[in-house]
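Hello,

Here is the structure I said I would pass on. Please open it first and then read the notes below with it on screen.

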Amino acid sequence: MKLSFICPCYNEEGNVKPFLDLIEKNFPITEEYEIVFINDGSSDGTLERLKSLKNSSRSNIKIINFSRNFGKESAMYAGLEHSCGDYISIIDVDLQQDPAIVKQMVEILDRTPNADCVCACQENRHEGKFTTACKSAFYKLADKFTDISFENGASDFRTFRKSVKTAILSLGEYHRFSKGIFSWVGFNTVYIQYTANERNSGKSSFNFFKLLKYGINGIVAFSTAPLKFASVVGGVAILFSIIYMIVTLIRKLVSNINVDGFTQLVILIAFLGGVQLFTIGIIGEYLAKNYIETKKRPIYIAKEIIDYDK
């Protein structure tokens with residue numbers, strides 16, 4: 001098998017059929033490829049539509065049906081575990097990512113033996129200016145405060161060799177952040193630009209707050225900078241308190257003025273209390289992640305796996 005498509009699906013009932021049509025248009029049936037659909041706990045008719053397509057299509061279609069919604073990261077991991085292609089391509093089924101670009105990626109890998117992975121970066125985003133600015137800021141922060149390199153705009157839309165897949169599967173962490181994982185495992189990556197299409201059907205499950213949470217999880221997963229930042233904030237608070245105490249003593253001794261102790265005390269307590277809660281929150285985030293990891297829970301649970309005849 002030359003190529004495996006990894007296709008996470010969450011409420012994509014109206015997209016899976018046109019997506020499959022596009023794949024079969026760009027990749028003739030004579031070519032060796034498989035399509036691994038992961039139904040990530042969809043609440044619509046996605047699973048029934050996938051089963052119908054499997055019965056009617058000549059393509060090699062494999063369906064992994066989760067017992068509930070585990071998230072895209074878990075769906076990608078499951079797809080990697082059950083793929084058998086020499087090349088693996090992760091692609092969304094909402095048609096924002098054109099399968100024709102996968103063909104370009106495969107050609108790059110074929111003619112460039114030293115390249116291990118081809119990653120697509122969005123050239124133009126169909127998003128608001130604020131969301132776009134936040135994403136750009138995240139990539140800059142992640143690149144600066146982690147030990148790995150983050151390419152601005154790099155997405156999960158990429159095609160890579162089996163050796164990269166093996167390295168990714170060796171990282172069995174529960175809280176997964178694929179963009180960081182791809183950077184951490186290394187390998188030679190070629191970046192190409194692409195323009196995302198409009199979503200074909202349905203509504204994206206991602207909103208600004210989910211993206212913000214996802215970004216915070218990524219920083220926590222690959223950097224201890226927030227812990228160091230908490231220490232710096234605590235040190236600055238102590239320094240501020242000492243300076244404020246010295247200034248107050250000088251004013252009292254030199255100017256012989258009455259110091260409104262109650263007001264100053266309330267301000268200092270509020271300030272130091274806020275600093276303490278902030279730093280405890282950062283430490284708690286790391287402890288919570290560590291607590292979940294020690295449970296060694298499975299990354300996903302498959303209710304059923306519908307394979308094809310090889």
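Start with the lining of the largest cavity: Glu 73, Met 76, Tyr 77, Leu 80, Ile 90, Ile 168, Arg 176, Ser 178, Ile 181 and Phe 182. Please keep in mind that this is a predicted model.

How many cavities of 30 Å³ or more does a search of the whole structure find? The search finds one. The volume of the largest cavity is about 80 Å³. Helix H3 and helix H7 (178–185) each give at least two residues to its lining. The largest share, four residues, comes from H3. Sorted by class, the lining has seven nonpolar residues, one polar residue and two charged residues.

Next, the salt bridges.

Side chains of opposite charge can pair when their charged atoms come close. The structure holds nine salt bridges. These notes go through some of them.

One of them joins the side chains of Lys 17 and Asp 21, with 2.9 Å from N to O. Both residues belong to helix H1 (residues 16–26), and they sit four residues apart, about one turn of the helix.

Another salt bridge is formed by the side chains of Lys 72 and Asp 156, at 3.8 Å from N to O. Lys 72 is in helix H3 (residues 72–81) and Asp 156 is in strand S6 (residues 154–161), so this pair ties together parts that are 84 residues apart in sequence. Lys 72 has a relative accessible area of 26% and is therefore partly exposed. Asp 156 has a relative accessible area of 8%, so Asp 156 is buried.

The side chains of Asp 86 and Lys 162 also meet in a salt bridge, at 3.8 Å from N to O. Asp 86 lies in the loop between H3 and strand S4 (87–90), while Lys 162 lies in helix H6 (residues 162–169), so the pair ties together parts that are 76 residues apart in sequence. Asp 86 is partly exposed, with a relative accessible area of 42%. Lys 162 is partly exposed as well, with a relative accessible area of 35%.

Now turn to helix H2.

Which residues of helix H2 (residues 46–56) are buried? They are Thr 46, Leu 47, Leu 50 and Leu 53. Looking down the axis of H2, you will find these buried residues within an arc of 125 degrees, so they line one face of the helix. Glu 48, Asn 55 and Ser 56, on the other side of H2, are exposed. The cover over the buried residues of H2 includes strand S1 (3–9), H1, strand S2 (33–39), strand S3 (60–66) and strand S8 (302–306).

A contact between parts that are apart in sequence comes next.

Val 190 is part of strand S7 (residues 189–195). Its relative accessibility is 28%, so Val 190 counts as partly exposed. In sequence, Val 190 and Val 118 are 72 residues apart, but in space they are 4.7 Å apart, C-alpha to C-alpha. Leaving out residues up to four places away in sequence, Val 190 touches Ile 108, Ala 115, Cys 117, Val 118 and Cys 119.

Asn 11 is not a glycine, yet it has a positive phi of about 55 degrees. Asn 11 is in the loop between S1 and H1. With 25% relative accessibility, Asn 11 counts as partly exposed.

Leu 95 is not a glycine either, and its phi is positive too, at about 70 degrees. Where is Leu 95? It is in the loop between S4 and helix H4 (99–111). Leu 95 counts as buried, because its relative accessibility is 12% and buried means under 20%.

Regards

Methods:
Residues are numbered from 1 along each chain as its sequence is written. Side-chain values use heavy atoms; hydrogens and water are left out. A salt bridge is a side-chain nitrogen of Lys or Arg within 4 Å of a carboxyl oxygen of Asp or Glu. Buried means under 20% relative accessible area, exposed over 50%, partly exposed in between (1.4 Å probe, protein chains only). On a 1 Å grid over the protein atoms alone, a cavity is a set of points where a 1.4 Å probe fits but cannot get out, and a pocket is an open set with protein on both sides within 12 Å along at least five of seven lines; lining residues have an atom within 4 Å of a point. Grid points are joined across faces, edges and corners, and a volume is the space filled by probe spheres set on the points. Ala, Val, Leu, Ile, Met, Phe, Trp, Tyr, Cys and Pro count as nonpolar, Asp, Glu, Lys and Arg as charged, and the others, Gly among them, as polar. Contact means heavy atoms within 4.5 Å. The arc is that of the directions from the helix axis to the C-beta atoms.
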